[in-house]
Amino acid sequence: MASSRAEAALIAAPAPVESEKLAAEISSLDIQEEKDQKMAPHRSHDPHHNQKRSDPFQFGSRFLNQEDDVFEFNAWDHVETDDAYKEYAEQQFAMQRQSPVSDFDKQRFNSDPAKSWDAFYKNNTANFFKNRKWLQQEFPVLHKITREDAGAITLLEIGAGAGNTAFPILANNENPALKLHALDYSKQAVEVMRSHADYDTNFMQADVWDVAGDSLPPGLEEGSVDVAIMVFIFSALSPAEWKKAVNNVHRLLKPGGEVCFRDYGRGDLAQVRFRKQRYLDENFYLRGDGTRVYFFDKDELAAIWSGNNIEGSKESNEEDTPSFVVEDLGVDRRLLINRARRLKMYRCWLQGRFRKK
């Protein structure tokens with residue numbers, strides 16, 4: 001159920017801008033997945049520093065300095081939002097809270113979220129999605145476990161969608177002892193993966209599974225997984241499901257097993273652009289297609305995965321609390337530029353590595 005579209009909004013460069021005009025421009029944009037857009041590579045615009053980054057959590061090195069022309073490039077890294085954006089975002093959040101999703105629709109879409117994802121994958125064929133070829137750069141462990149001499153490895157992808165993570169990994173795999181379990185709670189998504197020309201049961205097993213459910217996935221036991229991938233899937237859960245999901249991932253991983261995580265950050269333009277009757281709860285929204293999305297804060301996410309504070313969970317014994325070490329957790333802020341229309345698009349994602357103690 002991984003969301004294979006990011007949602008962008010924009011702020012016009014010249015100020016002031018009337019809010020009505022700005023809202024119309026935001027709504028007119030098509031939304032594409034953040035890593036699949038044709039963005040400039042992670043390189044500095046300074047020729048003397050024109051090298052690929054070596055630290056995956058550096059998130060690029062094209063810095064916007066005061067003397068730079070913001071419209072010179074299509075993308076800038078580590079850019080904080082400007083005052084115009086912050087003001088507009090607060091106005092949007094106030095409007096969203098005042099016009100939430102109706103209680104009827106809240107119950108309808110929260111009670112059976114898989115139904116909306118089934119419809120999503122039924123309406124969007126596999127070639128609608130772009131392959132996530134960037135994952136092995138962001139998470140070097142994925143390169144390590146696919147080497148020829150890596151040995152027996154069980155790789156788990158939760159929220160595998162149409163297989164746009166799984167199939168690129170297998171295409172580059174040199175490890176004859178790798179087994180990839182690609183799981184999604186959308187039956188339609190699993191059917192898409194199983195019907196893919198590259199689906200090979202010697203290396204891949206696609207199954208229906210709800211990460212916040214009560215049972216473990218088919219073919220997997222407690223403590224059997226080396227690495228788990230969760231990319232734009234945790235945000236599809238309601239806060240009440242976080243505790244169960246983290247517990248299930250913890251159960252599946254071997255001691256020392258690793259979670260590769262990426263998802264939406266608080267204040268991302270995908271959040272700002274939501275209009276009336278999309279607000280489910282604070283930072284939690286209903287998309288037009290019925291799927292849900294949450295926008296995380298860095299400290300909140302660290303608390304969730306370290307077991308210190310999980311929304312919707314009751315008081316529990318320390319031994320019942322999942323215990324992960326937050327190895328890395330970074331905020332990837334990017335300013336995308338529409339140079340033709342002279343528009344700014346502020347994006348924000350969170351990326352982390354969580355290790356089971």
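This is a predicted model: local features need pLDDT of at least 70, side-chain atom pairs count only at pLDDT 80 or more; totals for chains, interfaces and linings use all residues.
Trainee: How many helices and strands in the protein chain?
Mentor: 11 helices and 12 strands. They are DSSP runs, numbered from the N terminus: helices are H or I with at least four residues, strands are E with at least two.

Trainee: What share of the residues is buried?
Mentor: 55% of the 357 residues. Buried means under 20% relative accessible area, exposed over 50%, partly exposed in between (1.4 Å probe, protein chains only).

Trainee: Where does E157 lie?
Mentor: In strand β3, residues 153-158.

Trainee: Buried or exposed?
Mentor: E157 is buried, at 2% relative accessible area.

Trainee: Which side chain does E157 join in a polar contact?
Mentor: That of T165, at 3.4 Å. A polar contact is a pair of N or O atoms within 3.5 Å; within protein, one must be able to donate a hydrogen and the other to accept it, and residues adjacent in sequence count only if both atoms are side-chain atoms. Also, the C-alpha atoms of E157 and M230 are 6.4 Å apart, though 73 residues separate them along the chain.

Trainee: Switching to α11. Which residues are buried there?
Mentor: L301, A303, I304 and W305, in a helix that spans 298-306. The buried residues of α11 pack against β6, α9, β7, β11 and β12.

Trainee: What happens at the start of α11?
Mentor: A side-chain oxygen of D297 comes within 3.0 Å of the backbone nitrogen of D299. Just after the helix, G307 has a positive phi of about 85°.

Trainee: How many residues has the largest nonpolar core?
Mentor: 47. L142, L155, M193 and M204 have the most contacts inside it. A nonpolar core is a set of buried Ala, Val, Leu, Ile, Met, Phe, Trp, Tyr and Cys residues joined through side-chain atoms within 4.5 Å. A second, separate core has 34 residues, including W305.

Trainee: What does M204 touch, leaving aside neighbours within four places in sequence?
Mentor: Its contacts (heavy atoms within 4.5 Å) include F167, L170, M193 and Y199.

Note on methods:
Residues are numbered from 1 along each chain as its sequence is written. Side-chain values use heavy atoms; hydrogens and water are left out.
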